[in-house]
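Subject: Handover of a structure, with notes

Dear colleague,

Please find below the structure that I am handing over to you. My notes on it come directly after.

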Amino acid sequence: MSFSWAAFAAGRVVFGTIRDKKAMRLLGIGLIFLTLLKLVFIDLPIVSLLMRSILFIGLGSIGIIISRLFYRQQKR
């Protein structure tokens with residue numbers, strides 16, 4: 001569930017960046033932070049170590065991609 005939330009949020013950020021819609025980008029970033037909070041406080045106690053590592057690697061990758069999009073946006 002957390003991974004799908006993060007993928008949806010990343011989609012919002014990418015869509016907002018492509019269409020130059022600030023509200024959509026901010027919605028995506030807010031949803032990513034909400035996903036991270038859910039992951040840390042709700043999901044971690046229940047999932048196995050393998051799933052924890054997959055979740056953190058996936059969410060970290062999404063975070064890196066989004067930060068690169070914003071860095072490229074600032075250069076324009």
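Predicted model: local features only at pLDDT ≥ 70, side-chain atom pairs only at ≥ 80, totals over all residues.

The mean pLDDT of the protein chain is 83, and 95% of its residues reach 70 or more. Confidence is highest in α2, at a mean of 86, and lowest in α3, at 80.

Overall architecture

The protein chain contains three helices and zero strands, so that its elements, read from the N terminus, follow the order α-α-α. Along its principal axes, the C-alpha trace spans about 40 × 20 × 15 Å. Of the 76 residues in the chain, 29% are buried. The chain exposes about 5,400 Å², and carbon and sulfur atoms supply 72% of that area. When contacts between residues at least 6 apart in sequence are considered, 57% of them join residues at least 24 apart.

The interior

The largest nonpolar core has 11 residues. Its members are Ala 6, Ala 9, Ala 10, Val 13, Leu 31, Ile 32, Leu 39, Leu 55, Leu 59, Ile 62 and Ile 66. Two or more residues of this core come from each of α1 (2-19), α2 and α3 (49-75).

Leaving aside residues up to four places away in sequence, Val 13 touches Met 24, Arg 25, Gly 28, Ile 29, Ile 66 and Phe 70.

The surface

A nonpolar patch lies on the surface, formed by Leu 37, Val 40, Phe 41, Ile 42, Ile 46 and Phe 56. Together these residues have about 640 Å² of accessible area. Helix α2 gives the most to the patch, with four residues. Phe 56, by contrast, is found in helix α3. Phe 56 counts as partly exposed because its relative accessibility is 40%, which falls between the limits of 20% for buried and 50% for exposed.

Leu 36 has its place in helix α2, which covers residues 22-43. With 31% relative accessibility, Leu 36 is likewise classed as partly exposed. Leu 36 and Met 1 are 35 residues apart in sequence, and their C-alpha atoms are 12 Å apart in space.

How many salt bridges does the structure hold? There is one salt bridge, and it is formed by Asp 20 with Arg 25, whose closest N and O atoms are 3.6 Å apart. Are the two partners buried or exposed? Asp 20 counts as exposed because its relative accessibility is 56%, and the cut-off for that class is over 50%. Arg 25 is buried, since its relative accessible area is 12%, and buried means under 20%. Arg 25 is also among the residues that Val 13 touches.

Asp 20 lies in the loop between α1 and α2. Its backbone deserves a remark: Asp 20 has a positive phi of about 60 degrees, although it is not a glycine. For context, most residues other than glycine have a negative phi.

Yours sincerely,
A colleague

Definitions and conventions: Residues numbered from 1 in each chain as written. Heavy atoms only, no water. Buried < 20%, exposed > 50% of the residue type's maximum accessible area, 1.4 Å probe, protein only. Core = buried A, V, L, I, M, F, W, Y, C linked by side-chain atoms within 4.5 Å. Contact = heavy atoms within 4.5 Å. Patch = residues over 30% accessible without salt bridge, like charges linked within 9 Å, V, L, I, M, F, W, Y side chains within 5 Å. Areas by Shrake-Rupley, 256 points an atom, 1.4 Å probe, with all protein chains shown as cover. Salt bridge = Lys/Arg side-chain N within 4 Å of Asp/Glu carboxyl O. pLDDT = per-residue confidence, 0-100.
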